[in-house]
Each structure stands twice: as structure tokens, then as C-alpha cells.
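I opened the notebook to look at how two chains meet. These are my entries, in the order I made them.

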Amino acid sequence: MAEVEETIKRIQSQKGVQGIIIVNAEGIPIKSTLDNSSTVQYAGNVHQLLLKARGMVRDIDPQNDLTFLRVRSKKNEIMIAPDKDYFLIVIQNPTE
Amino acid sequence: MFFFSSYISTFLYLLRQVFDEHGQDVTPHPLYNPDPGVLQPKQGKIFPAHDTSWTTVTDFPSVAFQTTNASFTGPFTKERNKAYTELCKNRLGNDKYVERSMQTFNDAPKTKEVQSDSITMVDKAVMSSTWDMYDSFCNKGDASENIVVSAEGKKATVPDSSSMNHLLNPSGPDQNFELILQSDKFKQDLAVMERVVLANIFQPKLAAYRQLPVIEDPDCVQTQIEEESWTEQSKNSLSPFLEHLWVFKCELTKGRNVSSMTWNKKNPDLLAVGYGQLDFKDQKPGLVCCWSLKNPTWPDRIFHCESGVTALDFSACNANQLAVGMYDGTIAIYNVQTTEQTPIIDSSDCANMHACPVWQLRWVDHDTGLAGEDKGEMLISVSGDGRISKWIHYKGLECVDLMKLKSPNMIVNNQRWNPKILSLAPGLCFDFHPNDSKVYLAGTEEGHIHKCSYSYNEQFLETYKAHTGPVYKVTWSPFCPDIFLSCSSDWTIYLWRQDLSKPVLGFTSGQKVVFDIMWSPHCATVFGAVREGKVEIWDLRVSSLDPTIVSVTNPGVNPTALLFTPETDCVLVGDSEGQVTVYKLKNLPALEDVIRTTLSSKHTLGKTDRDA
């Protein structure tokens, strides 16, 4: 447990990381370092995107599954690690 | 009806002959005589074959009769016709025939109504994608999985959809949260995420390391200061220099002295660094960190050792075994695949273990020329108690001495020192010949370098005496089979050839102790050296008097270890503050530079030709 907390702290302290959000399988955020409204926004939108992305990957080959998703935008990069019980979102602006 | 009866009667009549007044046979003959031999054409088969009664009815062959006028006006028909006309005449006014009319009942109509419930129509639709079908086909165990989850949560819920679960247990999120955080998959995901975040930050440095073109981020607003410093350096860039890429350091390693570094033989991105004080004072517990190139801010594995770490080596056969030699003479073998702190095996139980610091360790593969148990990989160590030993992993680590580093006979006061008193010189380094694994060199604290053979442990094959201080490192050239290099605390580095007892070349630059040297794995004439306060890269093609690149470190910080990277043109320098800095060798004369200069000169030549 302590190891996990430490790793989260380390990621949070890396250059340019704006926030870390952990969301459970229903799309409800359970841990976040951002404010409430942004968290809820990110969680909801990412949930939908994940469903679509996973559906796409599995449609093409049902034995395949989504393991990681990165969305690069002008201002930052959103990295999502999905799983069947949760998904982990990290928002980073590496050029800060 | 009448017609039918007449048909029958004519048919019956056919059976007898008809003769007219003149006695001629006028029997009507059938027009069509079906040939008895020919199969009758069947009618279109609509009915099933077993229903033969039907087919026979329809299969009556059509028979047509020829009736001539003569037969038609025959006596039989004449009679009948006459009788008929008489009957028609007698009909009117005859008592035999009465006209009557009838009335039929019209039943009363009755209306009937039926009413039923409206049939509700519901639209039901299911989206079934390819993977949906695949999942339901494969996941028979899915129901049981759900049950397991609810058992862990200690609630007797029906394994239904997750939304139902949520409603039944209001404290659901908290419990799930705990479960999630403890799951292995989450830890793995976190590790991957950390590496991804760091890859974003270190991307240009890693690209430079891997010799990929460094592409600028198109969305990035490059800070002015960074650009200036970079351009400044590139202005002087015609001369070779060391480009600083990044530093491996973290909280744990602060203040510790880097004593040794080694690459993993199988995974070229994994680096093991040993931290331990090299001198007698300030001994503290040592540390071994396995760093991955993908995460320069935190090591992947951390092993705490009881005493300072002085030597490290990864095994080539079992790439996950790391042998660690320590200041108190213990040798431990760790398995880096797990994060367990305890080594697989440790030499502290061995009776013969080293009593002095283990200064160098190596896994050596004896594949040629040796028979029996000596084949395969072995761990060989040299220590301050003057012994070079081979360690065998058999119910615990046991060692066999390969060589005792005896001091050669000393002449004191014109008398030969009693040879019965064996004094062993502390060994500081050794190196096996890259091609011939039976021959090795050992350097001692007295400044002698002995060439020894693996199979003969009584005497040295040869001794090279030139250094006046302890020989810290001796290393064969990876390209030339006879050449080796040695460095010592007497400020010198000597280049030797195997057959000459005096060094061929000596390198000195300043009066500083040389801690470590290493040949470059890429270029036969390049080697690196680490002195107190300086990192030097020597290129013998350019000059054998001065180092080609000299990089001065921060004051107070001494570089203590040097390592070249096997695949790229980078060099790692470990220092006394616990930092391992990665430098890229820039502008060392290389083939690309030669080509570039040739092409650019050709280009200018071409230009002048055109102008002229």
C-alpha cells in the first residue's frame, strides 16, 4: 500500500504532471489530485472514449484488448491505463 | 345425366357389331388405338407416388370414337329420338307432369362480437458486436468470477450487474477502492504510467542516447535560456566533447560512493550500480540499485546490503543473477526478477570465504578446452586477502582457490627473504583474456601485474612490473588480442603488449590517481579513464600524449567509476556523491564525420567548378 502511495506521489512530482485520477469501473472517480469539477469531467469523457476504443480494438480481433491509450493535444497529453475494474488517468504537459 | 347414360349405352353398344341395311359392318372404331407396347404418357405428377388411385383415374387414356352418319342414324338412336320428341309433345297439358314451386327458409342472421386485450408490441434491440459474441462464447467462467468478487467483499449479494451491486451496498466504492489499490495489476499499471510520463520528459535525451534524430516537439515553446546554452556548446562543437544527457540519482543514493557499475547481459537497458565506500573509514551499509533507462528517477530494484558493495557482475547464462561482492568479503547472488531483499545465496557460511574486501567479481564462461565440471559459467573473485577464487554453487557457495597472489621474492639486506613465509599481496583486479579463457591477468596492491593460467595455480606465467602503486584496473583490449591496459594510483596508465615486459606506452595527465579505465567497445583506439576530479577520453589515433576529451567535474565530487555502453556511443560516470551521469561522446572522429567532410568538400569543389 505504501509502495503504491509512494509511486503515485512520485508521478505527481514529475515535471509537467497536472493531475492523476483513478476511476472505478462505473466511471465514478475514487481518487484525484484535481478539483472536483475537472475530475468529473475527465472521468465521464474518458469513460466514453475508453468504451469506444476498447470496442474498436476488440471488433477487429476479439482476442485482442486495449492496454493503454494516449491522447496528445496541443496543450497537454492525457494518458489512460484501462482495466476491467478501474482506469488510471494522468494528465501531463511535458513542455512546461 | 342424360348425356352420361347415353355415353355408357354407346360404349356398351360398341361391344356388338352394327350392320346397316346393306349388311356392311359400320361398327364405330376408336379413332386412336394406343399401341399396347408403348408406355402411356403420364400426366404431370402433382400427387405423391404412393397415391396410385389418383393416377389411375387421371391415366385413363383418352379415347375418341369415329361416328359416321350411318351409325348416328342407326335404328337404336332413331327409336330413342322418336320417343323423345313424343315425350316433349305430350308434356304440355299432361297429367303426368305438374309444375310446383318451393320456398327455402332464410335463417335469421346473428351478430357475434369478440373483444381481446390489446396486444402490446415492444421493440427490443441488442447491439451485438464481434467481441460481444466472442466474450459470451468464451466466458463460461464469468458467473463464477462474479461470485468470487462478492465473497471477498464479505457481502451476500447476488452476482448481478455491477449497478445492482452498487445499490445494495452503499459503502461499495470504498471497499472496491482498497481492492483496486492492492491489486497487482494496478501496481503494474502505475509502473508503466510512470515510465510513460518520464518518457515524455526525457524523450530528447533518450533519443540522443539511442542515436535517433532528436525531433523537437511541435507544440513546445522552447525556453530561450536552454536554446542559448545549447547553441553555445554547438559552436565549439567541432572539438570532441561529452554531452551531458541525464543523471541517475534519487534520495536513496545521495551521499553514497559509486563503486561499480555493470550492464545486464540480456537486457541492454538494465544497469546495476553498487554503492559502497572504497576506503577503510566511513564504512556504511551498502546498496545495489538496478536502474532502467526508462526511469532515471527511481531504480527498479533496490537491495540493501550489510556492508559496502565493492564489486558487481551480471551472469551471462542466467541473466537475472547478479553477483555482489562486499567490503567484508561476502559474496551474494541476487535474483533481480523479484523485489525480495534476500539474496539467493550468500557466501557467509563458507569456511573459505574471503577475509578482505572482494575487489572484483566476474562470471566467466569457460566453453573451450576444459572438460567435465569446469565447463559452463563460473563466478571468479579477487580479494584483498591475495586469493583468486572460483565459486561453485553447490548446496551453498563454496570456493576453490585458483591462485594465491604471492609476492615475488624480495631481497632485503642482501639476503633472500625466506621463501617459506608466504605473503600474499592483496589482489585488486583481474581480467580474463577475451579469446582464451584460460589466461588471465591479475593486478596487485604492490603494483605488479601477473599473467596466470587457469589450470596452473602454482606459479605465474609472467609478471609485469612497472607500476609503483596499487594497480586498480587491468583490462585486455577487446580488439587486439595481445594488448592490455592498466591503471594505478601512481597517476599513470600503461599500455602493454603481452610479450614485452615493459609497457609500450604510458599516459599521464596531471598528478591524480586513476581510479578506473575501460576500453571503448566500439573503437579500438579509444579508452576512457577516471581520475580524481576529471573524466578523460583518450583517442590514440589523435594523440597519445593528451586525452582527447577532458571533462572536469564539480569540485568536491570525484568520479569513481566508468562504464561504456555496449550498443551506443555513450559513457556512464559514477561519482562519489551517488550520481551516475550519462554522457554522449560527441565529435570523436568517426566514419560519419569523414564522410561528411568529404561530401562537404566535394560540394564546394563543385561550386567552384560551376563558377569558373
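I count a salt bridge when a side-chain nitrogen of Lys or Arg lies within 4 Å of a carboxyl oxygen of Asp or Glu. The model I am reading is predicted.

**Entry: a salt bridge**

I looked up Arg58(A) and Asp135(B). Their closest N and O atoms are 2.8 Å apart, so the pair falls within the 4 Å limit and forms a salt bridge. I then asked how many salt bridges the rule finds across the interface of chain B and chain A. It finds three. I also looked up polar contacts between chain B and chain A, and the count is 14 residue pairs.

**Entry: the chain B side**

Which elements of chain B give two or more residues to the side that touches chain A? I found helix H5 (130–138), helix H7 (162–168), helix H8 (172–182) and helix H9 (184–209). H9(B) gives the largest share, 13 residues. By type, that side of chain B divides into 15 nonpolar, eight polar and eight charged residues.

**Entry: contact and area**

I looked up the contact totals next. On chain B, 31 residues are in contact with 41 residues of chain A. The area buried between the two chains is about 3,400 Å². Carbon and sulfur atoms give 65% of that area. Which three residues supply more than any other three of the area that chain B buries against chain A? They are Trp131(B), Leu190(B) and Met193(B), with 18%.

**Entry: chain B overall**

I stepped back to the whole of chain B. I noted eleven helices and 30 strands. The chain has 612 residues, and buried residues make up 38% of them. I also checked contacts in chain B between residues at least 6 apart in sequence. Of these, 48% join residues at least 24 apart.

**Entry: helix H4 of chain B**

I checked the span of helix H4 (residues 75–91) of chain B. At 1.5 Å a residue, its 17 residues should span 24 Å. The end C-alpha atoms are 24 Å apart, which agrees. Gly93(B) follows H4(B), and its phi is positive, near 75°.

**Entry: Leu49(A)**

Last, I turned to chain A. Leu49(A) lies in helix H2 (residues 36–60). Is Leu49(A) buried, exposed or partly exposed? Its relative accessible area is 39%, so I call Leu49(A) partly exposed, between the 20% and 50% limits. Leaving out residues up to four places away in sequence, Leu49(A) touches Leu69(A) and Val71(A). Leu69(A) is 20 residues from Leu49(A) along the chain, and their C-alpha atoms are separated by 9.6 Å.

Key: Residues numbered from 1 in each chain as written. Chains lettered and ligands numbered in written order. Predicted model: local features only at pLDDT ≥ 70, side-chain atom pairs only at ≥ 80, totals over all residues. Heavy atoms only, no water. Helix = DSSP H or I, 4+ residues; strand = E, 2+ residues; numbered from the N terminus. Expected span 1.5 Å × (residues − 1). Contact = heavy atoms within 4.5 Å. Buried area = accessible area lost by both parts, 1.4 Å probe. Polar contact = N/O pair within 3.5 Å; in protein donor to acceptor, adjacent residues only side chain to side chain. Nonpolar A, V, L, I, M, F, W, Y, C, P; charged D, E, K, R; others polar. Buried < 20%, exposed > 50% of the residue type's maximum accessible area, 1.4 Å probe, protein only.
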